[in-house]
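Reader: I would like to learn how to read aromatic pairs, a helix and a ligand site from a set of coordinates. Could you take me through one case, giving the general idea before the particular one?

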Amino acid sequence: MTEFTILVTGGTGTLGRLVVARLRDAGANVRVLSRNPGEASDGLEFVRGDLATGAGVEDAVRGISTIIHCAGSQKGDDDKARALVRAVRQEGIRHLVHISVVGADKIPVSRGVDRAMFGYFDFKRKAEEIVRESGVPYSILRATQFHDLNLTAVRALAKLPVIPSPGGFRFQPISADEVAERLVELAFGRPSGLVPDIGGPRIYAMTELIRGYLARTGKRRPIVQMRMPGRAAAAFRAGANLTPEHAVGTQSWEDFLTERVEGVRV
Ligand SMILES: NC(=O)c1ccc[n+]([C@@H]2O[C@H](COP(=O)([O-])OP(=O)(O)OC[C@H]3O[C@@H](n4cnc5c(N)ncnc54)[C@H](OP(=O)(O)O)[C@@H]3O)[C@@H](O)[C@H]2O)c1
């Protein structure tokens with residue numbers, strides 16, 4: 001592969017897969033870092049590695065000048081960023097594009113319920129900090145929740161006879177592919193620091209997202225709203241996970257459901 005190969009961490013995930021497809025469409029060679037490498041093809045290679053342990057990460061970054069860091073999970077994204085940055089320092093990387101989440105800087109996560117339910121935001125905040133302080137030229141994009149994530153959540157909730165919903169929680173879901181498009185645009189540009197957030201076209205109450213899914217699938221379920229304790233939940237109720245001034249996504253929740261969930265005839 002050429003020296004212009006772009007490394008995509010998490011290139012096997014919901015977002016990363018779409019990033020890889022867009023890079024390939026744009027004619028870029030792509031290397032994917034994954035714990036479970038897939039099949040290589042023309043212009044696409046895999047390196048086995050684990051950002052939680054650091055194994056394989058040096059091999060993955062070798063000869064690379066641009067990285068799109070999409071690897072992530074509920075816990076430990078700070079450690080993953082640290083492992084990546086540690087390997088990258090020796091390589092003269094010109095651009096590290098990092099995906100974060102809207103609210104990473106605004107959702108206070110203390111102990112107890114906060115940490116158990118919202119620890120993710122704290123990991124994302126620390127990961128941003130590690131990238132910012134790495135000395136590697138970077139762009140950081142914060143996105144709102146992807147439609148796919150909301151679908152996974154409401155599907156699981158709809159299996160219950162009564163659906164619990166955190167009262168006052170709202171979401172601004174976005175198409176992961178629209179986020180992928182923006183990440184690729186950033187990767188082809190100059191390092192830009194923290195760039196404007198990206199959010200979906202509309203803000204929905206959690207109950208609206210659930211009702212939209214129930215309507216699409218023809219299910220009927222009572223929804224019970226519960227008040228969640230803690231400062232992080234209060235920040236959610238205040239809209240810290242939303243970015244109404246950056247509602248740039250175009251695919252609505254309804255359009256996504258139509259595309260992805262088989263509907264019932266009414
Ligand atoms: N989902 C959302 O609503 C949302 C919103 C805003 C921001 N984000 C951020 O976007 C990124 C991607 O999210 P996603 O929903 O696409 O996640 P996903 O579908 O769960 O995919 C996660 C990816 O991370 C990789 N990964 C996880 N742990 C790893 C490790 N220890 N070492 C190497 N790779 C590891 C996985 O690769 P392998 O399993 O192949 O190793 C997989 O490709 C995350 O950073 C997430 O925080 C997500």
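Author: What follows goes from aromatic rings to a helix and then to the ligand. Please keep in mind throughout that this is a predicted model.

Reader: How is a pair of aromatic rings described, and how many aromatic pairs does the count come to here?

Author: A pair of aromatic rings is described by two quantities, the distance of the centres and the angle of the planes. In this structure the count comes to 7 aromatic pairs. One of them is formed by Phe-118 and Phe-236, which are 5.3 Å apart centre to centre with 40° between the planes, and this pair is tilted. Because Phe-118 lies in helix α4 (residues 113–132) and Phe-236 in helix α8 (residues 231–237), the pair ties together parts that are 118 residues apart in sequence.

Reader: Which kind of aromatic pair do Phe-121 and Phe-236 form?

Author: Phe-121 and Phe-236 form an edge-to-face pair, at 5.6 Å centre to centre and with 80° between the planes. Since Phe-121 lies in helix α4 and Phe-236 in helix α8, this pair ties together parts that are 115 residues apart in sequence.

Reader: Is Phe-121 buried or exposed?

Author: The cut-off for buried is under 20% relative accessible area, so Phe-121, at 6% relative accessibility, counts as buried. Phe-236 counts as buried at 4% relative accessibility, and Phe-118 is buried as well. Ring pairs link Phe-118, Tyr-120, Phe-121, Phe-169, Phe-171 and Phe-236 into a cluster.

Reader: How should I read the buried side of a helix, and which residues of helix α5 are buried?

Author: An α-helix has 3.6 residues a turn, so residues three or four places apart point the same way. In helix α5 (residues 147–157), the buried residues are His-147, Asp-148, Asn-150, Leu-151, Val-154 and Leu-157. What covers these buried residues includes α1 (14–25), β7 (163–166), β8 (170–171), α6 (176–188), α7 (206–217) and α9 (253–260).

Reader: How many residues surround the ligand, and which are the closest?

Author: The ligand is surrounded by 25 residues, of which the closest are Thr-12, Ser-34, Arg-35, Tyr-120 and Phe-146. An oxygen atom of the ligand is 2.9 Å from an N or O atom in the side chain of Thr-14, while an oxygen atom of the ligand is 2.8 Å from a polar backbone atom of Arg-35. Taken alone the ligand exposes 900 Å², and the protein buries 86% of that. The elements that give two or more residues to the shell around the ligand are α1, α3 (77–88), β5 (95–101) and α4, and the largest share, 3 residues, comes from β5.

Conventions. Residues are numbered from 1 along each chain as its sequence is written. This is a predicted model: local features need pLDDT of at least 70, side-chain atom pairs count only at pLDDT 80 or more; totals for chains, interfaces and linings use all residues. Side-chain values use heavy atoms; hydrogens and water are left out. Rings of Phe, Tyr and Trp (its six-membered ring) pair if their centres lie within 6.5 Å; planes under 30 degrees apart count as stacked, over 60 as edge-to-face and the rest as tilted. Helices (H or I, at least four residues) and strands (E, at least two) are DSSP runs, numbered from the N terminus. Buried means under 20% relative accessible area, exposed over 50%, partly exposed in between (1.4 Å probe, protein chains only). Contact means heavy atoms within 4.5 Å. A residue is near a molecule or strand if one of its heavy atoms lies within 4 Å of it. A polar contact is a pair of N or O atoms within 3.5 Å; within protein, one must be able to donate a hydrogen and the other to accept it, and residues adjacent in sequence count only if both atoms are side-chain atoms. Accessible areas come from the Shrake-Rupley method with a 1.4 Å probe; for residues, only the protein chains shown count as cover.
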